[in-house]
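This briefing concerns a single structure, shown below with its sequence.

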Amino acid sequence: MWRAVVSQPLDRTCDLPELGALDKELGEFWTGNAFAMPRNGDNLSAYERNRLFLNRGQEEAFLDGSFASGADIDSDSRSVVAADFDRDGRTDLLVGSVGGGPLRLFLNRYESAAARVLIQFQDAAGKAIESGCRVILKTEQGGIVRDLFMVNSCLAQSPGELLVGVGEVERVEECIIRWPDGERQVFKDLPVNGRWLVKRGAENVQFTPVAGWYVHGRGPDGN
């Protein structure tokens, strides 16, 4: 464990005194100037196992699935991208670790009867919009709100699209798109288990079904 404070980011020469007692038995050390760490040989690597939690949607919301998932590696991981890399409608994890180690792709094999939609956005000229939209979905099971932005972690960035689980439904009753400038569009009665391409100003959403997304025998009609 380390502690560092940089109170004057425009002054690379500042060196701040310790602000409290250190527990050296736990490996704590103080760095008054973060820019001096490479020269001092300070090592921030902390090989703690990664953790993965499943949202159960209940009062005790999260279940620790770290060991069962196989994602609990101890390679001092720094970045993670959550996206559907193999296009099967489930969120996978791409994990990067410090020290030039390999990128690891953890494919999601968790089965669910929930329907899903992958939403991509374009402006009126057909150019991709990857940030700044809000999506409000209404189904027979309730409402869902998602904001489109590319999540950043350490030297990593997620794609500019939304993968949304909508529950065990056959259709989305209503989809409201709020574009980056605040203008809204409303679409009614949309299919699930596939890709929505939402083009600004278009009357309809372009839907592409994905057969591999139908789990537990559920097809496009929910049967």
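An open sheet is formed by 4 strands in the order 11-10-15-16, with antiparallel pairing. Strands are DSSP runs (E, at least two residues) numbered from the N terminus, and two of them pair if DSSP finds at least two bridges between them. The model is a predicted one, in which local features need pLDDT of at least 70 and side-chain atom pairs count only at pLDDT 80 or more, while totals for chains, interfaces and linings use all residues. Residues are numbered from 1 along each chain as its sequence is written, and side-chain values use heavy atoms, with hydrogens and water left out.

- Strand 15 and strand 16 are paired in the antiparallel sense over 7 bridges.
- Arginine 171 has proline 191, in strand 16, as its bridge partner.

- Leaving aside neighbours within four places in sequence, isoleucine 119 is in contact (heavy atoms within 4.5 Å) with Val135, Glu161, Leu162, Val164, Trp196 and Val198.
- In soluble globular proteins, nonpolar side chains tend to be buried together.

- Glutamate 174 is found in strand 15.
- With a relative accessible area of 11%, glutamate 174 is buried; the term means under 20% relative accessible area, whereas exposed means over 50% and partly exposed lies in between (1.4 Å probe, protein chains only).
- Not counting residues up to four places away in sequence, glutamate 174 touches Ile136, Leu137, Lys138, Val186, Phe187 and Lys188.
- Glutamate 174 and lysine 138 meet through their side chains in a salt bridge (3.1 Å, N to O), a term for a side-chain nitrogen of Lys or Arg within 4 Å of a carboxyl oxygen of Asp or Glu.
- This pair links distant parts of the chain, 36 residues apart, with lysine 138 in strand 10 and glutamate 174 in strand 15.
- Lysine 138 is partly exposed, at a relative accessible area of 37%.

**Other salt bridges**

- The whole structure contains 11 salt bridges.
- Aspartate 147 forms a salt bridge with arginine 134, and their closest N and O atoms are 2.6 Å apart.
- Aspartate 147 lies in strand 11 and arginine 134 in strand 10, 13 residues apart.
- Aspartate 147 is partly exposed at 34% relative accessible area, and arginine 134 is partly exposed at 28%.
- Aspartate 181 and arginine 200 also meet in a salt bridge (2.8 Å, N to O).
- Aspartate 181 is in the loop between strand 15 and strand 16, and arginine 200 is in the loop between strand 17 and strand 18 (206–209), 19 residues apart.
- Aspartate 181 counts as exposed at 54% relative accessibility, whereas arginine 200 counts as partly exposed at 21%.
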